[in-house]
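Please open the structure in your viewer and keep the selection tool at hand. The tour moves from one selection to the next and says what is there at each stop.

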Amino acid sequence: MLKSAKRLAAILICFLVIPSAGHAAEKIRISVSGGYNMIFLSSGVALHKGFFKDEGLNADIVVMGAAPSIAALSNGDIDGTMLTGTVIRAAIRGLPVRLVAGLMTSSPHVLLARPEIKTIKELSGKKVGLAGFGDATHVLARIILARNGIDPEKEVQFVPLGTDSARFAALQQKLADAVVTSPPLDFEGKKLGYNILARAYEYVNYPLSGVGVNIKSIEQNRDQVKRMIRAVIKASRFIRENREEAVKILTTWAKSKPEHAYASYDATVKVISNDGGIPSDGLNLLIDQAKKDVKITREIPLSEIADFSILREVQKELGLR
């Protein structure tokens, strides 16, 4: 009789444990764009330090372009994306996605110029290289130039050049006099005698990455969204407080040279969000830009673009507000 009771107790324990194990293996997919890099390091740290695992999530970080990310997020093929501006544009167009948290308060982009150009004012009449018209590099270049007394519509020639590496090569080949680029190419440029004329975050809040999800996830799987947000906030705070280990993870995750990882970290850590919040002026800038991109003039309520209710719950639970 005693043996039977013990056997029954063991079976009951198994039934109690199995759901927890299933929960621990809950699979999610999150997209980043362009590759594994410093901009999306919060996801890499959450993966490597076990913050996703601590939240009962088995995360797969996938590299996808902006358009495929939104398509996949809209139809449920992925559970989240870290492309802030892309999510905002998609929401404005009426797609079922919402921004739920921020990972960066601004942008680490720099305006990098050839050695003979030492001030922004000297760019009058010159060529400035961008990734593409209407994107973040274009917006930031116009803001920086205008704040230095140069009319970006009349006094410079913008040249779309594609990727960071393509822009850097164009600078070397004298196809552009200055380019908007990202770390660690500011570090490489300085080694070659190029001049950093401005860092974007010195001029404007431009929240470059965040967390976007499908509306259905907020309505039907709120707890999963909450755990996802909590994991990346913990990761962001870890990055800010642990330079050496964050750089080590970046080196491994992004297959980056150590000197490039250090340079990227040092140029970016100031704009890593401490609590998942997004500066209101930066958010409004992204919304205004997105409205222009999709040619919408009507006033759009924030509720059609973002839902920060879960973020506020997480911030409160972590003692951040």
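Select Q289 to begin, and you will find this residue in helix α13, which covers residues 280-293; helices here are DSSP runs of H or I with at least four residues, strands are DSSP runs of E with at least two, and both are numbered from the N terminus. Q289 has a relative accessible area of 8% and is therefore buried, a word used for anything under 20%, whereas exposed means over 50% and partly exposed lies in between, with a 1.4 Å probe and protein chains only. If you leave out residues up to four places away in sequence, Q289 touches R89, G134, D135, A136, V139 and Y206, where contact means heavy atoms within 4.5 Å.

Before going on, please note that this is a predicted model, in which local features need pLDDT of at least 70 and side-chain atom pairs count only at pLDDT 80 or more, while totals for chains, interfaces and linings use all residues. Residues are numbered from 1 along each chain as its sequence is written, and side-chain values use heavy atoms, with hydrogens and water left out.

Next, select I143, which lies in helix α6. Is I143 buried or exposed? Its relative accessible area is 15%, so I143 is buried, and apart from neighbours within four places in sequence it is in contact with V204 and L285.

Now move to N148, in the loop between α6 (136-146) and β7 (157-160). The side chain of N148 reaches the backbone oxygen of I144 at 2.8 Å. Not counting residues up to four places away in sequence, N148 touches I120, K121 and Y203.

The next stop is a set of helices. Two packed helices are described by the angle between their axes and the distance between the axes. Select α10 (residues 222-241) together with α11, whose axes come within 6 Å and cross at roughly 115°; axes are lines fitted to C-alpha atoms, for helices over the stretch in contact, and angles run from 0 to 180 degrees between N-to-C directions. That angle makes α10 roughly perpendicular to α11, since angles of 65 to 115 degrees count as roughly perpendicular, under 35 as roughly parallel, over 145 as roughly antiparallel and the rest as oblique. The contact is made by F238, I239 and E241 of α10 with R243, E245 and A246 of α11.

Finally, zoom out to the whole protein, which has 14 helices and 10 strands. The C-alpha trace spans about 95 × 50 × 35 Å along its principal axes, and buried residues make up 51% of the 321 residues.

How values were computed. Polar contact = N/O pair within 3.5 Å; in protein donor to acceptor, adjacent residues only side chain to side chain.
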